[in-house]
Amino acid sequence: MNLSPATDRTFPMNSWYVAAWDYELEHKLLARKICDQPVVLYRCKDGTPVALEDACWHRLLPLSAGSLVNDEVRCGYHGLVFNPQGRCTHMPSQETLNPSACVKTYPLVERHRFVWIWMGEAAKADPDLIPDVFQNHHPQWSGDGGITDLACDYRLLVDNLMDLTHETYVHGSSIGNDAVAEAPFTVRHTDDNVFLTRWMLDIDPPPFFKKQLGKPGNVDRWQMITFHSAATVTIDVGVAPTGTGAPEGDRSAGLSGFVIHSATPVNATSCRYFWAFLRNYKLADQRLTTEWREAARRIFGEDKSVLELQQKAVEQYPDREFYFLNIDGGAMWARRLIDRQIAAEIAQPDTAKLILRQAAG
Ligand code: FES
Ligand SMILES: [Fe+2]
């Protein structure tokens, strides 16, 4: 295997990734692969989430094949027990515990309905770096989300979300129309974010929004996309009847939505796509919540078909590079931020060691 981390790495380790939705974690063992690392997740009885490396210190059996004894994990092979801090607390037939007997733990933070995990250097796991997706858990927002497993590099999903002109061609029956592909946009960036803003003024509303708005006439439509390196994209979307002042900042006559996308790498060629679709009107309308969620699931299923075909093509043509067109301005900057993050890790001896160990494994 090629051990050149600078060329092999597709995801940074020092980044917050969504490990699970809040409801997925219970007082039972859940196995996940995140950034090519096997992880076992569970909640303690008081609700505290725990993430341990899913490999027993003794003979590497996945701990997820064992069982929970109160808040500790008992390996299903020879019965070693590990506490939530990863330390072995029991060895059968042995009174003295080997002091090195522990498994790696990963920092977790539960915030805005997601359980975020940090796979890299624990000392750098600053919770302030978690993308702010408060709309996912806020009294002035309603909605729901889901998970879609994608057999593709998570960066293909980031590319997809940073260029919504694809709506015209991939989602023509729901949220796309010609106006999206033709509208100009602006891109700016910082060290951690890319912002792309697009206004479509005085256009025929696309089918999904036409139905939601429930009245005829043209609309002003906005898409304000934010990339939060390395794997989260949020999109402030909406429409308002033309002439009601939305471009000037008054959205009161329109509909606002907020879409959260977070693509957690499973490995270099697959990812788990966590998404949510929120709105800030008709908050108590449960039917609308279900309608929006299922519409999102269908729409993201259209993306899945394209992205998985694209991944196969990337593997078919490993030496081909992507062309960057005007429409790829947001994606290009997102890729640059990811590459910079990976390059910074390679330059740090501790992380480089971790990366090499993973590449070799
Ligand atoms: S492999 Fe886990 S106790 Fe032996
Ligand atoms: Fe899409």
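Predicted model: local features only at pLDDT ≥ 70, side-chain atom pairs only at ≥ 80, totals over all residues.
How do the residues of the lining of the second largest pocket divide into nonpolar, polar and charged?

## Second largest pocket

The lining of the second largest pocket comprises nine nonpolar, nine polar and seven charged residues. The space in this pocket amounts to about 490 Å³.

In total, 25 residues line the second largest pocket, and those nearest its centre are Asn14, Leu129, Asp192, Ser229 and Gln341. Among the elements, α7 makes the greatest contribution to this lining, with five residues.

## Largest pocket

The largest pocket holds about 800 Å³ of space. Its lining consists of 22 residues, and the closest to the centre are Arg155, Val314, Pro318, Arg320 and Arg335. Two or more lining residues come from each of the helices α2 (154-162), α6 (286-316) and α7 (329-347).

The largest share of this lining is supplied by α6, which provides five residues. By class, the lining of the largest pocket contains nine nonpolar, four polar and nine charged residues.

## Largest nonpolar core

The largest nonpolar core is made up of 63 residues. Within this core, the residues with the most contacts are Ile117, Met119, Tyr154, Met162, Phe227 and Ile235. The element that gives the most to the core is α6, with seven residues.

Technical notes. Residues numbered from 1 in each chain as written. Chains lettered and ligands numbered in written order. Heavy atoms only, no water. 1 Å grid on protein atoms, 1.4 Å probe; cavity = no way out; pocket = protein on both sides within 12 Å on 5 of 7 lines; lining within 4 Å. Points joined across faces, edges and corners; volume = space filled by probe spheres on them. Helix = DSSP H or I, 4+ residues; strand = E, 2+ residues; numbered from the N terminus. Nonpolar A, V, L, I, M, F, W, Y, C, P; charged D, E, K, R; others polar. Core = buried A, V, L, I, M, F, W, Y, C linked by side-chain atoms within 4.5 Å. Buried < 20%, exposed > 50% of the residue type's maximum accessible area, 1.4 Å probe, protein only.
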